[in-house]
Amino acid sequence: MTAVLLAIDTSTEQCSVALKVGDKIYQRAAITPREHSQRVLGFVDEVLAEGGVTLAEVEGIVCGYGPGSFTGVRIGVAICQGLAFSHTLPVYPVSTLAALAQQAVRMHGAQCVLSAIDARMNEVYLAAYTVQDEKLLETVAPQMAPLAAVSEQSWWQTLTAGGDDAAELSRKQTIEVTGAGTGWQAYGEALNPNQQVHVLDDVTLPLAVDMLTLAQSVQPLAAEQLEPLYVRNEVTWQKLPGRS
């Protein structure tokens, strides 16, 4: 992994930038839902100055490429592409849902995370992750769905509902299921009716610093290959190959 990485995320209400220089991290974050385009480059300049490096010394761009606000996702992807093009840098795409899960791991040592971001109008963006060998693994791919559809899915019921499925899961593992993201604050009663999920009140929006961590296991792309992760109209409700 490269020694100097710059991470940017504007996919949600939070504008977040983080810079890794060797073992040191410099970061900025603010909840500015309508000011991302005005604030993000200023944050970039600030962390570069604090880290004592120039953009020419950055070796890769980590991009929070969604899901989230359409406008926010587009702003983040466009800025990451622009910076990458300007210095012929590789881009490392990281999903906001994975960043939330990594934040839950970093702050609380979570081992099984259900990330949910409020998509408005009784819909959520969601994905599931587990930690194996100290690495975050995606077990249910990012997707979007109405609340009613979420509760009908077998994998969701297994993790969050009472009954035989949850009892069987408990016999197989004692890992607590953790909820992270604004979806839990907005729709907690619908998503967690049996209180089986431990919802984190202090892990609600993704941070670029966690995207720096996840970039270590992401295949880099050329700037022109980077595309937003919207997930709307792509809901399949299928687990990843090899996951049970």
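Begin by selecting Gln-103, which counts as buried because its relative accessibility is 3% (buried means under 20% relative accessible area, exposed over 50%, and partly exposed in between, with a 1.4 Å probe and protein chains only). The model is predicted, so local features need pLDDT of at least 70 and side-chain atom pairs count only at pLDDT 80 or more, whereas totals for chains, interfaces and linings use all residues. Residues are numbered from 1 along each chain as its sequence is written, and side-chain values use heavy atoms, with hydrogens and water left out.

Gln-103 lies in helix α3, residues 96-108 (helices are DSSP runs of H or I with at least four residues, strands are runs of E with at least two, and both are numbered from the N terminus). Display next the residues in contact with Gln-103, leaving aside its neighbours within four places in sequence: Asp-202, Val-203, Leu-205, Pro-206, Leu-207 and Asp-210 (contact means heavy atoms within 4.5 Å).

**The sheet**

Select the five strands of the open sheet, which has the order β3-β2-β1-β4-β5 and mixed pairing (two strands pair if DSSP finds at least two bridges between them). At the edges are β3 and β5 (91-94), each of which pairs on one side only. From one strand to the next, the twist averages 15 degrees (axes are lines fitted to C-alpha atoms, for helices over the stretch in contact, and angles run from 0 to 180 degrees between N-to-C directions).

Ala-7 is found opposite Val-62 in β4.

In strand β2, select Val-21. Apart from its neighbours within four places in sequence, Val-21 is in contact with Ala-3, Val-4, Tyr-26, Gly-51 and Val-53. A C-alpha to C-alpha distance of 8.7 Å separates Val-21 from Val-58, although the two are 37 residues apart in sequence.

**Helices across the sheet**

Select α1, which lies across β1, β2 and β3 and runs at about 20 degrees to β2. The 16 residues of α1 (residues 36-51) should span 22 Å at 1.5 Å a residue, and the end C-alpha atoms are 22 Å apart, which agrees (the expected span is 1.5 Å times one less than the number of residues).

Colour the buried residues of α1: His-36, Val-40, Phe-43, Val-44, Val-47, Leu-48 and Gly-51. Viewed down the axis of α1, these buried residues fall within an arc of 130 degrees, so they line one face of the helix (the arc is that of the directions from the helix axis to the C-beta atoms). Their cover includes β1 (4-9), β2 (14-21), β3 (24-31) and α2 (70-87). On the other side of α1, the exposed residues are Gln-38, Asp-45 and Ala-49. Just after α1, Gly-52 has a positive phi of about 70 degrees.

Move to α2, which lies across β1, β4 and β5 and runs at about 175 degrees to β4.

**The aromatic pair**

The structure holds one aromatic pair. The rings of Phe-70 and Tyr-230 have centres 4.9 Å apart and planes at 50 degrees, so the pair is tilted (rings of Phe, Tyr and Trp, the last by its six-membered ring, pair if their centres lie within 6.5 Å; planes under 30 degrees apart count as stacked, over 60 as edge-to-face and the rest as tilted). This pair links distant parts of the chain, with Phe-70 in helix α2 and Tyr-230 in the segment after α8 (208-214), 160 residues apart. Phe-70 is partly exposed, at a relative accessible area of 36%, and Tyr-230 is partly exposed at 26% relative accessibility.
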